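Here is a short report on pockets. It covers where they sit and what lines them.

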Amino acid sequence: MRPLLTAELRARLSESAGRTGPTGAPDRETLTALRASGLLGTAVPARHGGAGGDAAAVNHVVEEVAAVNPSVAIIVFQHFAVSARIAEWGTEEQRERWLPKLADGLWLAASAWSETGAGAAKRNLASTGARRADGRWRLDGAKTFATGAGVADVYLVLVQTDRPAVTPQGYGADGQTFFLVEAGTPGLVADPGADLDGMRGSATGLLALDGCVVGDTDRIGPVGGAASVIAGVRESGASLGAVSVGIARAALELAVRHARERGLLELPTVRHRLVDLATRLEAARAVVARAGARDSAQPGLTTLHSKLHASTAAEEICLDVARMLGSDGYRAGSRIGGLLADARGVAFMGPTNDVCRELVAASWR
């Protein structure tokens, strides 16, 4: 079977991970190679120029990229997520307008949902969207932790367009609306400079909206109905747990290589520790695969469980590998140190692990 990543792209991603770790700056040349790879069309329907891949295909691509470069993997995941939301909620005119560009890599998509003070559940947004007399919308506010800031060509932005009519429940709130805002739109300013501990090359930063005017044709989903769009995300089966699986896989490969090079595989205790790590990795991969297959009784809950389990397992695996490497893993700039920081970061990505727990628990009420 033909490898998902070409040897050239894999090498470029690997080299990029080593370079962006110290600098914290996005690697635009590597993103250009990614755009040309054909992978970005995975989640776009075939009739709009994509591969028509389902959640299982999305999770597979994300794992493969994450095993080499976790920062780029979350950029890819966000691109897939926006592509899927357009395919699901966009009008036919909107699909024709955006999806072919997202499929062929001409455009890169990103999400901008989080902001200071909104909380992990995105319920108390300060950013606003006000309808103008001409039918267009004025967007104002600031979004934080936007992955792909400054490198994306279009952003899926979440703003408050009306006061919540009901007490917020779950993830998101009543009265919120999604808009697609193209880079270069007057009033939109992106800054990829958040100084994160992990995911250093993910271009995660700020997105400022200052009198940014968009058309009603740029709105995705119903006015005030973003919560319904958000609820459908976890039902899709695409899981950030795939990023964690890729990170854990990279850590295990590092540990095996370390043991082999030092002749430690001759020791039963070392072999057994590595097997235990491999088994935990396989368990994480299995629950992510189940989410992607969408064959459980409640696919949305399975997706939440997959993110929770895989992200927790990845962090534990990375920590165990760091212990196995001893002083070799304790040096500044070590590969395992970077992977551990990347693994920790997935728990904070939306929905955060604590929000996942609340959403699962809410199903029992």
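Which helices each supply at least two residues of the lining of the second largest pocket? They are α1 (7-23), α4, α7 (241-261) and α10.

## Basis

The model is predicted: local features need pLDDT of at least 70, side-chain atom pairs count only at pLDDT 80 or more, and totals for chains, interfaces and linings use all residues. Numbering runs from 1 along each chain as its sequence is written, and side-chain values use heavy atoms, without hydrogens and water.

## Largest pocket

The largest pocket holds about 940 Å³ of space. Its lining has 43 residues, with Gln-78, Leu-240, Phe-348, Met-349 and Gly-350 closest to the centre. (On a 1 Å grid over the protein atoms alone, a pocket is an open set of points where a 1.4 Å probe fits, with protein on both sides within 12 Å along at least five of seven lines; lining residues have an atom within 4 Å of a point.) A volume is the space filled by probe spheres set on the points, which are joined across faces, edges and corners.

Elements giving two or more residues to this lining include α4 (70-89), β1 (109-112) and β3 (137-146). The largest share, five residues, comes from α4. (Helices are DSSP runs of H or I, at least four residues; strands are runs of E, at least two; both are numbered from the N terminus.)

## Second largest pocket

This pocket has a volume of about 650 Å³. Of its 32 lining residues, Ala-17, Ser-334, Arg-335, Gly-338 and Leu-339 lie nearest the centre. α1 gives the largest share of the lining, seven residues.
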